[in-house]
Amino acid sequence: MSTASGVRLDRDGPVATVTLCRPDVLNAQTPAMWETLREFSRQLSGDVRVVVVRGEGRAFSAGLDLSVAGGADPGPGGGSFADLARMSPEACADRIAEFQAGFTWLHRPDLISVAAVQGHAIGAGFQLALACDLRVLADDAKLSMAEVTLGLVPDLAGTKRLVDLVGYARALEICVTGRRIDAVEADRLGLANVVVPRADLDAAVRDLTAAILAGNRDAVVEIKALLAGAGGRSPADQQRAEREAQTRRLRDLTGATD
């Protein structure tokens with residue numbers, strides 16, 4: 001479905017695959033791609049359980065397409081640095097919120113999202129991988145939060161996800177240096193769920209997807225909600241959330257009614 005903007009959505013039963021398909025520029029991203037990603041979230045049918053995000057060719061995504069950011073046609077609504085700078089602060093922030101929505105739908109409670117990462121995942125590419133619940137990395141993966149090298153900040157909803165995964169001090173160091181993180185370090189830091197040889201990446205993603213689909217869907221949704229909210233709850237609140245979730249599951253499984 002639609003490759004005109006450089007991103008495609010395919011569906012195979014309960015699995016949807018989002019593919020960045022600009023391999024000639026290492027899947028560099030544009031505002032038009034983010035708009036398309038946002039639209040994909042509205043097009044998914046209710047029986048989709050897993051979304052896989054991948055990139056064609058040698059790289060997952062080399063980040064922001066600087067030819068667009070520098071002033072070429074950025075696609076619907078504008079998005080070059082100059083376009084954004086000419087807006088009022090409020091309008092600029094609203095436009096960036098639209099960009100973020102192309103990423104944040106991957107957090108949806110009814111889905112498990114999986115990034116299949118090979119080669120470079122730089123800047124916006126790294127943030128797209130972070131937007132997913134799980135990350136399978138090829139052993140040639142290179143991650144970097146490179147926005148600082150452009151005088152910018154990461155603004156595609158990646159900063160909290162990074163802090164949640166690696167902690168404040170490590171996230172700060174990664175963001176302010178813009179350095180490259182290889183697959184071995186990504187695994188050690190908790191950025192990768194698994195690292196596999198490049199040739200095994202697709203098979204590893206299929207295996208993980210099958211394992212997710214083998215679980216009861218409603219239980220998986222409840223588990224994701226429990227874990228996603230755990231960081232903001234006290235131990236007592238988390239225990240209460242567990243009790244309430246388990247009560248819902250027991251009643252559903254036994255057909256209990258009020």
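Student: What makes the stretch that holds E185 a helix?

Tutor: E185 is found in helix α8, which covers residues 183-189. Helices are DSSP runs of H or I with at least four residues, strands are runs of E with at least two, and both are numbered from the N terminus. The model is predicted, so local features need pLDDT of at least 70 and side-chain atom pairs count only at pLDDT 80 or more, while totals for chains, interfaces and linings use all residues. Residues are numbered from 1 along each chain as its sequence is written, and side-chain values use heavy atoms, with hydrogens and water left out.

Student: Why is E185 called buried?

Tutor: Its relative accessibility is 14%, and buried means under 20% relative accessible area, exposed over 50%, and partly exposed in between (1.4 Å probe, protein chains only). E185 therefore counts as buried. Leaving aside neighbours within four places in sequence, E185 is in contact (heavy atoms within 4.5 Å) with R179 and R180.

Student: How do you know whether S144 is buried or exposed?

Tutor: S144, in strand β7, has a relative accessibility of 1% and so counts as buried. Beyond its neighbours within four places in sequence, S144 has contacts that include A121, F126, G178, R179 and R180. The C-alpha atoms of S144 and I181 are separated by 6.2 Å, although the two residues are 37 residues apart along the chain.

Student: What makes S41 a buried residue?

Tutor: S41 lies in helix α1. With a relative accessibility of 15%, S41 counts as buried. Apart from neighbours within four places in sequence, S41 is in contact with W105 and R108.

Student: What is called the largest nonpolar core here?

Tutor: A nonpolar core is a set of buried Ala, Val, Leu, Ile, Met, Phe, Trp, Tyr and Cys residues joined through side-chain atoms within 4.5 Å. The largest such core has 48 residues, and among those with the most contacts inside it are V18, V51, W105 and V117. Helix α5 (residues 124-131) gives the largest share of this core, six residues. A second, separate core of 15 residues includes V15, V196, A204 and V205.

Student: Which residues does V51 touch?

Tutor: Neighbours within four places in sequence aside, the contacts of V51 include A16, V18, L44, W105 and V114.

Student: Why is strand β4 described as mostly covered?

Tutor: Six of the six residues of β4 (residues 112-117) are buried. I112, V114 and A116 point one way from β4, while S113, A115 and V117 point the other way.

Student: How do you know which strands pair with β4?

Tutor: Two strands pair if DSSP finds at least two bridges between them. Strand β3 (residues 50-55) is joined to β4 by four bridges, and the two run parallel. Four bridges also join β4 to strand β6 (residues 134-138), again in parallel. V52 has V114 as its bridge partner in β4, and A115 has R135 as its bridge partner in β6.

Student: What makes the phi of N27 worth noting?

Tutor: Most residues other than glycine have a negative phi. N27 is not a glycine, yet its phi is positive, about 60 degrees. N27 lies in the loop between β2 (15-20) and α1 (31-43), and its relative accessible area of 0% makes N27 buried.

Student: Why is A157 called partly exposed?

Tutor: The relative accessibility of A157 is 24%, so A157 counts as partly exposed. A157 is found in the loop between β7 (142-144) and α6 (159-166), and its phi is also positive, near 70 degrees.

Student: What is called the largest pocket, and what lines it?

Tutor: On a 1 Å grid over the protein atoms alone, a pocket is an open set of points with protein on both sides within 12 Å along at least five of seven lines, and lining residues have an atom within 4 Å of a point. The lining of the largest pocket consists of 21 residues, of which D133, R161, K224, L227 and A228 lie nearest its centre. The largest share of this lining, six residues, comes from α10. β6, α6 and α10 each supply at least two residues of the lining.

Key. On a 1 Å grid over the protein atoms alone, a cavity is a set of points where a 1.4 Å probe fits but cannot get out, and a pocket is an open set with protein on both sides within 12 Å along at least five of seven lines; lining residues have an atom within 4 Å of a point.
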